[in-house]
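Work through each task with the structure in view, then check your steps against the solution.

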Amino acid sequence: MMTVAMNLAGTTRRMGVISAGSGILGAVGPLLGQRLADAVSWRASLALLLVTLLAVPAVSRYAGQASPSAEARFDSRGALLLAVLSAGLVLLPTYPLPALTSAALAGIFLAVHVRRRPEGYVPAAALRSGQFRSAALVALLLSSTYFTVLFAVPRLITDRAGWSTSTVAVGQLVAMVTGSVLTLVFTARAARLGRVRVRAVLFTAGLPAIAAAVFAHSAPLLLLAIGLAAFSATAANGTQSMEAATSVPGHQRPTVIGLFTLAYLMGGALGPALATTLVLG
């Protein structure tokens with residue numbers, strides 16, 4: 001869903017709105033889900049996804065007009081190899097040896113496959129593009145930081161500051177919404193800053209989040225870490241996705257945005273594993 005939305009966005013500002021909206025709804029979602037589960041049923045929480053079906057007719061009409069024509073033959077082998085590679089990387093913190101083995105083999109086979117089919121599921125033009133590689137790496141690093149902080153800091157606040165679970169939840173909600181709102185402001189002006197300045201701002205926000213999570217014992221500082229991490233990750237998603245999209249020819253942009261989103265969401269898989277290994281374990 002995120003990939004479809006990013007493909008339809010077209011500008012950094014719109015991508016920032018999508019990314020910030022995802023962050024805001026991601027902050028509100030658990031609380032809303034809990035309320036629905038308590039008042040109705042846990043099934044009602046999961047049924048919220050059905051609301052998205054209301055947008056399908058409008059999105060389908062617009063996507064049919066806006067998207068380039070698809071390839072005649074789907075690269076199923078490339079998709080399978082990328083899936084195995086991704087799964088191996090995600091499982092690396094918990095099952096190091098099997099995960100590393102599967103990821104290495106999948107990576108080798110995928111590299112051979114890309115040489116044979118450079119226009120396939122993983123376009124060779126994207127892998128050769130330094131602009132795409134750097135954008136995906138920025139998104140992966142800041143996303144991993146965000147999800148590590150997001151899963152670790154609530155426990156740290158409880159242990160270090162003695163806050164109750166409900167108080168931590170409210171504080172975390174406020175911090176995440178604030179970080180996402182800052183993303184809206186930042187992405188609206190990012191095009192005027194240039195690539196170097198944008199990335200400098202993103203890392204200037206992301207690195208103190210790590211430092212605060214490691215050293216801070218004050219609950220407000222730990223919540224500030226969540227807010228900074230949320231801003232850096234959602235803003236990276238909004239700005240760097242456009243960098244990735246413009247790194248390849250137009251007909252490959254939907255595929256490349258999908259690969260970029262995979263890199264961003266990889267951080268969502270690695271972050272909780274790192275938090276569990278380093279803090280919660």
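## Exercises on side-chain contacts

**Exercise 1.** Describe the salt bridge between Arg195 and Glu243.

*Step 1.* Arg195 and Glu243 form a salt bridge, with their closest N and O atoms 3.1 Å apart. A salt bridge here is a side-chain nitrogen of Lys or Arg within 4 Å of a carboxyl oxygen of Asp or Glu.

*Step 2.* Arg195 sits in helix α10 (residues 195-215) and Glu243 in helix α11 (residues 219-245), so the pair links distant parts of the chain, 48 residues apart. Helices (H or I, at least four residues) are DSSP runs, numbered from the N terminus.

*Step 3.* Arg195 is partly exposed at 38% relative accessible area, whereas Glu243 is buried at 18%. Buried means under 20%, exposed over 50%, and partly exposed in between (1.4 Å probe, protein chains only).

A note on the source: this is a predicted model, where local features need pLDDT of at least 70, side-chain atom pairs count only at pLDDT 80 or more, and totals for chains, interfaces and linings use all residues. Residues are numbered from 1 along each chain as its sequence is written, and side-chain values use heavy atoms, leaving out hydrogens and water.

**Exercise 2.** How many salt bridges does the structure hold, and how far apart are the closest N and O atoms of Arg117 and Asp75?

*Step 1.* The structure holds 2 salt bridges.

*Step 2.* For Arg117 and Asp75, the closest N and O atoms are 3.5 Å apart.

*Step 3.* Arg117 is buried at 16% relative accessible area, and Asp75 is buried at 4%.

Conventions
Helix = DSSP H or I, 4+ residues; strand = E, 2+ residues; numbered from the N terminus.
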